[in-house]
Amino acid sequence: MAKVPLYLILGGLIPSFAMPVLARWKREACAPLAVIVCGGLFALALYFSGGMVGKLQPIYQAVADWSPPWGIEIAIEPVSALMAVLITGLYLLIALFSCRSLKKEISVDSIGWYYVEFLLCMTAMLGLVITHDIFNMYVFIEVVGISAVALVVSKGDRYSTEASLKYLILATIGSGFVLLAIGMLYMITGHLNMRFAGEVFAQNAGQYPYMIWVMMTLFVVGFGIKSALFPLHLWLPDAHASAPSPSSAILSGLVVKVYIIALFKLFFIVFGNAFYQQSNIRILLLILGGAAMLFGSFFAFVQLDLKRRLAYSTVAQLGYIYLGLGLATPWAIVAAFYHLVVHALMKTCLFLCAGAISYQTGRKKVTGLQNIGYTMPLTAASFTVAAFSMVGLPLTGGFISKYLLAVESMGAHYPYFIALLVLSGLLNAAYYFPIIWQFYFVNEKDPPERRVLQKDKIPFTMQLPIVVTAAGIIVLGTAGVAAYGYLQQIVVHFLG
Amino acid sequence: MNWGALIANFPYLVSVVVFGIGIIIVLTQSNLLKKVIGLNIMTSAVFLFYIAFGNIEGGVAPILDPAAPAELYINPLPSGLILTGIVVGFSTSAFALALIVKMYAHYGTINAPDFMKMR
């Protein structure tokens with residue numbers, strides 16, 4: 001038991017394929033089963049992660065007893081254990097939320113099928129963060145991609161169909177790039193296992209400079225399309241805005257992040273930190289990350305649909321993560337990681353709030369949110385906390401990561417990125433604060449919908465995930481020093 | 001320019017050119033079916049790339065005959081990998097085609113610019 005990380009993958013895969021059968025027999029049982037599966041995997045991930053706190057010893061396992069250079073190897077490193085805890089924990093909350101909210105958002109017949117994609121996506125994300133085999137990584141990337149598209153299209157209306165088709169086509173182009181790059185990496189190193197490929201790569205890197213340039217560019221463009229790096233983000237707003245709200249939370253909070261984790265693993269396990277430090281690709285990441293911070297926020301500012309605004313905000317926040325990756329000092333990478341974790345929490349919280357607001361009041365525009373602060377006090381308070389964290393106000397998790405990114409852009413001798421960080425933060429404030437202002441301080445002259453507001457109150461299972469994620473943001477912001485110290489330890493261990 | 005190296009690596013050149021053609025089809029054609037065909041051309045180019053670098057000049061199929069072992073075998077791994085790639089490409093295009101059918105049911109057309117008008 002202790003040495004079987006494979007359960008992290010199988011534990012989600014088998015129930016996921018049991019879902020349609022279960023749905024035929026007893027449709028109401030699907031959502032609770034998903035909650036139970038996510039809870040179990042969360043416990044397992046906590047167990048693996050907790051076992052690593054002191055000693056940072058990775059757990060390696062060869063699948064089907066084929067020893068590492070040839071067979072597929074699964075490795076739970078401290079970083080991937082943390083990501084597994086994040087993924088399964090947020091999935092538990094989102095599954096809880098989806099129990100009731102989905103009944104209103106998608107047709108009742110497709111609920112069983114929805115949970116197939118729901119669990120499959122989690123399985124593939126877990127596989128992506130814990131696998132140590134490059135081609136296996138590609139397979140998981142495709143599974144994440146296809147199930148994420150299916151999560152969008154499950155709503156079934158024309159907008160989500162169009163958005164998902166756009167997402168599918170661009171994601172396929174992205175994985176084509178990644179597959180080509182994996183081929184080139186295999187040509188250079190002759191290994192598919194990340195550790196062995198890394199060893200050979202360190203010896204051979206000088207011999208194939210052009211090929212390595214092409215390969216790294218292909219990797220960055222491929223993962224950039226899939227994780228919506230700024231000029232390649234075109235699919236994201238449509239897909240994230242038109243999906244059902246649990247799907248939006250998954251896509252925005254987790255799916256775009258795991259591709260960044262895959263890029264992290266390639267950069268620091270295969271290419272090695274020393275090689276990455278002197279490669280030009282990080283300048284590209286810096287420039288695109290900075291552009292994403294600015295333009296993503298700007299595009300978010302002009303959106304009127306609440307979920308579209310949140311989706312463009314994701315583009316901007318991914319820019320922060322890429323900025324940290326581009327600065328490439330160890331502390332900047334820790335800050336990027338911290339922002340990845342915090343952003344997963346805040347964007348999940350915000351999308352769930354948007355889902356809850358539209359569940360209770362049917363309102364989807366940012367101009368129609370008056371009095372929410374009094375009719376849905378906990379939801380509005382959580383939204384406020386998450387929005388403050390987005391802006392980067394102190395006592396929230398977003399403050400710590402943005403502060404550290406600012407410090408590190410000074411330390412890495414790119415001081416002008418501080419101006420960008422401040423500008424992007426101000427733009428964030430400019431599009432989040434009007435929403436909060438409406439929650440609390442704008443009175444409707446004539447509240448015809450007041451009765452509707454009270455009619456369909458959101459149930460406890462939808463309220464709890466929102467409050468828990470908001471509390472998580474506060475915890476990361478206040479007790480963040482301890483979390484930060486641990487994160488620094490594991491990232492430095494990861495960088496080698 | 002080193003033409004000899006280019007001719008020796010001809011399959012790679014072909015696969016990269018075909019890859020580019022596939023992407024151009026996806027990005028420029030407005031018909032959704034043609035976009036899916038473009039995706040297939042693009043992924044086929046990647047398959048060709050894998051098979052090309054798995055091949056070794058003068059190698060034989062990697063079947064070990066104890067009576068007469070050959071001197072040089074080709075690398076079977078890329079071909080094995082690309083079997084997975086083909087399956088993935090197949091499922092992606094099947095999914096895309098299913099979505100296109102749904103698009104046709106919603107909009108009555110599969111021509112991309114028409115969707116913008118209908119919004």
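Visitor: Which way do E73(A), I74(A), A75(A) and I76(A) point from strand β2 of chain A?

Guide: In a regular strand the side chains alternate between the two faces of the sheet. In this predicted model, E73(A) and A75(A) point one way from β2 (residues 73-76), I74(A) and I76(A) the other way. All are buried (20 or more other C-beta atoms, placed from the backbone, within 10 Å of the residue's own; exposed is 12 or fewer, partly exposed in between). Strands are DSSP E runs of at least two residues, and helices are H or I runs of at least four, numbered from the N terminus.

Visitor: How many bridges join β1 of chain A to β2(A)?

Guide: Strands pair if DSSP finds at least two bridges between them. Here, four join β1 (residues 59-62) to β2(A), and the two run antiparallel. A62(A) has E73(A) as its bridge partner in β2(A). Chain A has 21 helices and two strands.

Visitor: What radius of gyration does chain A have?

Guide: The radius is taken over C-alpha atoms; the globule rule is 2.2 Å times the number of residues to the power 0.38. With 496 residues, a compact globule would be near 23 Å; chain A has 22 Å, which agrees.

Visitor: How many residues does the contact take from chain B and from chain A?

Guide: Residues are in contact if their C-beta atoms, placed from the backbone, lie within 7 Å. The contact takes 26 residues from chain B and 19 from chain A. On chain B's side, α4(B) gives the largest share, 14 residues.

Visitor: How are residues and chains labelled?

Guide: Residues are numbered from 1 along each chain as its sequence is written. Chains are lettered from A and ligands numbered from 1 in the order written, while local features need pLDDT of at least 70, side-chain atom pairs count only at pLDDT 80 or more, and totals for chains, interfaces and linings use all residues.

Key:
Two residues are in contact if their C-beta atoms, placed from the backbone, lie within 7 Å.
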